[in-house]
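Trainee: Please take one part of this model and go through it closely. I would like to follow how the strands pair up.

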Amino acid sequence: MRELLRRVGGMALVSGVAVALACGGAEEPGEAPEEEVAEEAGPVVPPDSAATITGVVNFEGTAPEPEPIDMSEEPTCAEQYEGQPRKHPVVAVDGKLARVYVHVKEGLGDRTFPTPSEPVTLDQQGCRYRPHVLAIQVGQPLEIVNSDGILHNINTQPQVNRGFNISQPVEMTTTRDFTDPEVMIPVKCDVHGWMEAYIGVQDHPYAAVSDSSGAFTLENLPPGDYVLEAWHERYGVQTASVSVEAGGSAQADFSYSADMAGAEVPLGEPIDLHDHGSETASRAAVSR
């Protein structure tokens with residue numbers, strides 16, 4: 001009798017395992033059920049309704065001359081330039097302004113979007129951050145590369161996100177990310193005072209940086225009414241309203257001028273990590 005019960009129990013166990021496998025109850029380690037993956041990915045804009053906004057950032061006047069940089073103590077970097085290296089200039093060519101960060105500020109509502117797994121790269125080459133202005137999404141990997149092979153450090157100075165200050169003494173790559181939208185996060189190098197960059201963080205993919213022709217494109221938008229914001233490190237912030245229909249396209253241009261220099265530019269509050277007695281430094285230490 002005891003042997004019979006043992007055999008029946010074993011058969012029930014095998015049957016239960018078979019049912020669980022048939023119902024998808026034993027995924028591979030780390031694998032989420034299909035419905036969970038779809039939920040985490042967020043909504044996808046149907047191709048037949050995806051819209052596009054293009055634009056140009058115009059510039060009127062004469063751009064200021066970039067300041068020279070003394071790289072005599074860093075010959076590895078200095079030899080990468082023909083003539084005198086200079087700080088990042090205001091790039092205005094044929095009445096168009098480059099390095100303007102443009103993003104959707106309003107109009108997406110409570111939509112959520114998947115986080116890209118493909119990293120964005122911030123390189124240190126020729127003792128300069130490249131690119132000077134970049135766009136990234138919340139949670140998207142930021143790969144910080146030291147291509148020079150000499151000591152650099154990356155000191156971010158955000159107001160909303162948790163900042164970081166990391167050293168890279170050799171050719172190497174460090175990965176970080178951001179948890180919250182923020183426009184803009186300044187980046188400095190404490191070793192080379194002329195090195196600077198700016199990072200714009202959004203919780204959606206609709207952000208771009210104008211190229212040398214002043215052009216930018218925001219693709220795969222849901223149809224709707226939007227407010228775009230344009231940010232430039234010297235000339236400040238502007239907004240523009242634009243409506244775009246399903247499957248359609250719209251144009252949104254911005255205009256800056258040389259006499260707008262000195263406009264209020266939203267940036268993170270500078271943090272002096274050596275001033276341990278200041279309130280700002282205390283907050284920064286706690287956040288780390």
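**Strand pairing up close**

Mentor: Start at D123, where the bridge partner in β6 is R130. Keep in mind that this is a predicted model. The strand to follow is β5, residues 120-125. Strand β6 covers residues 128-130. β5 and β6 run antiparallel, joined by 3 bridges. Together they form a hairpin, with 2 residues between the strands. Look at G126 in that turn: its phi is positive, about 65 degrees.

Now turn to β8, residues 142-146. β5 pairs with β8 too, in the parallel sense, over 5 bridges. D123 again gives a handle: its bridge partner in β8 is V145. So much for β5.

Next, the open sheet. It has 5 strands, in the order β7-β13-β12-β9-β10. The pairing in this sheet is mixed. β7 (133-137) and β10 (165-168) stand at the edges. Each of these two has a single partner strand, so one side of each is left without a neighbour in the sheet. Neighbouring strands of the sheet are turned against each other by 25 degrees on average, direction ignored.

Strand β9 spans residues 152-156, and strand β12 spans residues 182-188. β9 and β12 pair in the antiparallel sense, over 2 bridges. Find N155 here: K188 in β12 stands opposite.

How values were computed: Residues numbered from 1 in each chain as written. Predicted model: local features only at pLDDT ≥ 70, side-chain atom pairs only at ≥ 80, totals over all residues. Heavy atoms only, no water. Pairing = 2+ DSSP bridges. Helix = DSSP H or I, 4+ residues; strand = E, 2+ residues; numbered from the N terminus. Axes fitted to C-alpha atoms, helices over the stretch in contact; angles between N-to-C directions.
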